[in-house]
Amino acid sequence: MWIYEKRLQYPVKIKRPNPQMAKYLYSQFGGPDGELGAALRYLSQRYAMPYREGIAILTDVGTEELAHVEMINAMIYQLTTGLDEDELARGNLAESYIDHTAGQFPQSASGIPFAASAFQSKGDPITDLHEDMAAEQKARTTYDNLIRVADDPDVRDALRFLRQREIVHYQRFGEALRIVQDHLNEGNFYAYNPAFDVRYKKQSYNANTGEYFRECAEYCELPANSDTAAD
């Protein structure tokens with residue numbers, strides 16, 4: 001359940017239209033390293049995360065990425081509001097105008113529509129968290145590039161905030177990776193997939209106690225300190 005606050009996470013107050021800059025910002029809306037893909041990646045991966053702390057981090061960061069989508073959309077809107085078709089065309093947004101008028105559509109700066117194939121939810125927490133850390137660094141690099149081409153201090157201010165949050169997210173996913181590894185065999189983190197191999201073969205009913213109990217499948221390895229072992 002989400003509670004929506006009717007305000008941006010960080011103020012966006014751009015006073016000077018710039019359709020070319022708006023075109024660049026589309027990369028962080030629907031581009032391969034953009035905020036929409038990040039939100040969907042983390043909010044999808046959390047269901048295979050076997051540890052509560054990891055689930056919380058994926059949920060927190062995925063939720064914040066939705067707020068970043070809203071910020072990017074607000075920036076694009078403010079950079080293009082009030083412009084006519086000729087002004088949009090001079091800012092290299094003619095194709096976007098033809099297809100979407102003044103509407104915003106998730107795509108990259110080069111006009112490639114957003115696709116879920118830009119991210120992965122592999123179902124292995126170590127694999128997923130390494131992807132997440134790489135994704136945050138790629139987003140940080142994209143913000144570096146955007147800041148370099150932005151000459152409006154109002155735009156640069158919001159971009160700097162978003163860039164800083166990517167660094168924080170990278171650090172949080174590093175914490176999540178350490179949490180996962182602490183639950184695993186430190187001699188071989190890859191001995192099994194804690195999101196899949198630690199499973200129960202069946203759930204049986206104990207008529208004497210009126211309770212269900214679970215039996216581990218033969219291939220399982222249940223670490224003594226895992227959340228699953230306590231279930």
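User: Why is Asp 154 called partly exposed?

Analyst: Asp 154 has a relative accessible area of 22%. Buried means under 20%, exposed over 50% and partly exposed in between, with a 1.4 Å probe and protein chains only, so Asp 154 counts as partly exposed. The model is predicted: local features need pLDDT of at least 70, side-chain atom pairs count only at pLDDT 80 or more, and totals for chains, interfaces and linings use all residues. Residues are numbered from 1 along each chain as its sequence is written, and side-chain values use heavy atoms, with hydrogens and water left out.

User: What makes the pair Asp 154 and Lys 15 a salt bridge?

Analyst: A salt bridge is a side-chain nitrogen of Lys or Arg within 4 Å of a carboxyl oxygen of Asp or Glu. For Asp 154 and Lys 15 the N to O distance is 2.8 Å, so the pair qualifies. Lys 15 is exposed, at 67% relative accessible area.

User: Why is Asp 152 called buried?

Analyst: Its relative accessibility is 7%, and Asp 152 therefore falls under the cut-off for buried. Asp 152 forms a salt bridge with Arg 16, with the closest N and O atoms 3.9 Å apart. Arg 16, at 39% relative accessibility, is partly exposed.

User: How do you know that Glu 35 has no salt bridge?

Analyst: The nearest side chain of opposite charge, Arg 41, is 8.4 Å away. Lys and Arg count as positive and Asp and Glu as negative, while His and the chain ends are not counted.
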